Amino acid sequence: SELEEGTVYVTIAFGVLDGGDYHGCVGSDAGFDITMRVLPTEQLNQLGSIRAAGFTLFGIIAITSISFAVFVICHRQQQVVKALQPIFLLCICGGVLVLGSSIIPLSIDDELASQRGCDISCMALPWLICLGFSVAISALFAKLWRINKLFTASRSCRRVQVRVQDVAMPLVVLL
């Protein structure tokens, strides 16, 4: 069983009986004072078996995001995909992939890597989250801005063509 955390002070005493074969110890008592300090166990916060769940979730995110990107590329000439603005759909897929890849640095701990490796993964995490979120949200914002321009033009009953270049500036600014 584990000892409790703290300091223990113990005196151990014993007597040496006559007839013993111990030089200089016949008929006297011996005693020892022992001080023992019990340190708390180090909490390493290791992930253990939960790491597999994180890798599985990242695999699902990666496969789904890449599958949607391949679908958009293969069907970009179809009218439905053209209406959904393929360039922004690909940006959303890429942003979600980068955002989902932030699960990988979360699964690095001192059981798996050195202190330097843990430091690198800790610093990569906010970058992946911010970059992935910014790409996905700025692509959604650019899509909404494009739709807003079309509806604003329709109020005055005029036809307007909004190109990708016209709404790419918010995408670049938000990154």
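Visitor: Is Cys 130 buried, partly exposed or exposed?
Guide: In this predicted model, Cys 130 has a relative accessible area of 49%. Buried would need a value under 20% and exposed a value over 50%, so with its 49% Cys 130 is partly exposed.

Visitor: How many disulfides does the structure hold?
Guide: A disulfide needs a pair of cysteine sulfur atoms within 2.5 Å. Taking Cys 91 as one example, its closest cysteine sulfur belongs to Cys 93 and is 9.4 Å away, which is too far for a bond. For the structure as a whole, the number of disulfides is 0.

Visitor: Are helix 1 and helix 3 roughly parallel or roughly antiparallel to each other?
Guide: The axes of helix 1, residues 50–74, and helix 3, residues 86–100, come within 9 Å and cross at roughly 165°. Because angles over 145 degrees count as roughly antiparallel, helix 1 and helix 3 are roughly antiparallel.

Visitor: How many nonpolar, polar and charged residues make the contact of helix 1 with helix 3?
Guide: Helix 1 passes helix 3 in a left-handed crossing. The contact is made by residues including Phe 58, Ile 61 and Ser 65 of helix 1, together with others including Leu 89, Cys 93 and Gly 94 of helix 3. Divided by kind, the residues of this contact are 14 nonpolar, 3 polar and no charged.

Visitor: Is Asp 109 buried or exposed?
Guide: Asp 109 lies in the loop between helix 4 and helix 5, and, leaving aside residues up to four places away in sequence, Asp 109 touches Asn 45, Gln 46, Leu 47, Arg 51 and Cys 118. Since its relative accessibility is 6% and the cut-off is under 20%, Asp 109 counts as buried.

Conventions. Residues are numbered from 1 along each chain as its sequence is written. This is a predicted model: local features need pLDDT of at least 70, side-chain atom pairs count only at pLDDT 80 or more; totals for chains, interfaces and linings use all residues. Side-chain values use heavy atoms; hydrogens and water are left out. Buried means under 20% relative accessible area, exposed over 50%, partly exposed in between (1.4 Å probe, protein chains only). Axes are lines fitted to C-alpha atoms, for helices over the stretch in contact, and angles run from 0 to 180 degrees between N-to-C directions. Helices (H or I, at least four residues) and strands (E, at least two) are DSSP runs, numbered from the N terminus. Angles under 35 degrees count as roughly parallel, over 145 as roughly antiparallel, 65 to 115 as roughly perpendicular and the rest as oblique. A crossing is left-handed if the near helix is turned anticlockwise from the far one by less than a right angle, and right-handed if clockwise. Contact means heavy atoms within 4.5 Å. Ala, Val, Leu, Ile, Met, Phe, Trp, Tyr, Cys and Pro count as nonpolar, Asp, Glu, Lys and Arg as charged, and the others, Gly among them, as polar.
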